[in-house]
Amino acid sequence: MIKAEFSGYDNVNVSWRELESLIETPAWKTALENQKAVYLIVDTKTGKKYVGSAYGDNMLLGRWRNYIANRHGGNKLLKPLDFEYIKENFKYSILEIFKSSIDDEIIINRESFWKEVLLTRTDFGYNGN
């Protein structure tokens, strides 16, 4: 059984199925809806990674709800993947967290930094931009 407690942003490393069951629990909902972030999705089968950022409506909560709802969050290199494949092989974690008052441009710049560091715009990743 997965614990619904939120043990801190630096301890988030959950599978798609775990995220689906946790995202609407009170502790996780409160923690994620108030934070901007740069996050990482890892394909545990291939090792490919995707770096994304969360800001705007419901911040990290809103962004991750998109992944639960449609599997790809609108990302073109994730769209072709089978939903069952994602459910079985994807893990979600947080690289950096930011207060809701931080300018979005800072988050976008940090997202770009992590894409460079983790080579996610290459054959190692799912970032197309």
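**View 1. Burial and overall form of the protein chain.** Buried residues make up 44% of the 129 residues in the protein chain. Buried means under 20% relative accessible area, exposed over 50%, and partly exposed in between, with a 1.4 Å probe and protein chains only. This is a predicted model: local features need pLDDT of at least 70, side-chain atom pairs count only at pLDDT 80 or more, and totals for chains, interfaces and linings use all residues. Residues are numbered from 1 along each chain as its sequence is written, and side-chain values use heavy atoms, with hydrogens and water left out. The protein chain has five helices and four strands. Both are DSSP runs numbered from the N terminus: helices are H or I with at least four residues, strands are E with at least two. Their order from the N terminus is β-α-α-β-β-α-α-β-α. A compact globule of 129 residues would have a radius of gyration near 14 Å, and the protein chain agrees at 14 Å. That radius is taken over C-alpha atoms, and the globule rule is 2.2 Å times the number of residues to the power 0.38. The C-alpha atoms fill a box of roughly 35 × 35 × 20 Å along the principal axes.

**View 2. Helix α3 and its cover.** Helix α3 takes in residues 59-70. Its twelve residues should span 16 Å at 1.5 Å a residue, and the end C-alpha atoms agree at 17 Å apart. The expected span is 1.5 Å times one less than the number of residues. The buried residues of α3 are Met59, Leu60, Leu61, Gly62, Arg63, Trp64, Tyr67 and Ile68. Their cover includes α1 (16-22), α2 (26-33), β2 (35-43), β3 (49-54), α4 (83-89) and β4. Arg71 follows α3 and has a positive phi, near 75 degrees.

**View 3. Ser93 in strand β4.** Ser93 lies in β4, residues 90-99. Ser93 counts as buried because its relative accessibility is 13%. Leaving aside neighbours within four places in sequence, Ser93 is in contact (heavy atoms within 4.5 Å) with Val12, Asn13, Tyr39, Leu40 and Trp64.

**View 4. Phe6 against Trp28.** The structure holds ten aromatic pairs. The rings of Phe6 and Trp28 form an edge-to-face pair, because their centres are 5.0 Å apart and their planes stand at 85 degrees. Rings of Phe, Tyr and Trp (its six-membered ring) pair if their centres lie within 6.5 Å; planes under 30 degrees apart count as stacked, over 60 as edge-to-face and the rest as tilted. Phe6 lies in the segment before β1 (13-15) and Trp28 in helix α2, so the pair ties together parts that are 22 residues apart in sequence. Trp28 counts as buried, at 5% relative accessibility.

View 5. Tyr39 in strand β2 and Tyr67 in helix α3 link distant parts of the chain, 28 residues apart. Both Tyr39 and Tyr67 are buried. Tyr39, Trp64, Tyr67 and Tyr92 form one aromatic cluster.

**View 6. Charges over rings.** The charged end of Lys87 sits over the ring of Phe83, 4.7 Å from its centre. Arg110 lies over the face of Phe113, at 4.3 Å from the ring centre. A charge sits over a ring if NZ of Lys or CZ of Arg is within 6 Å of the ring centre and within 35 degrees of the ring normal.
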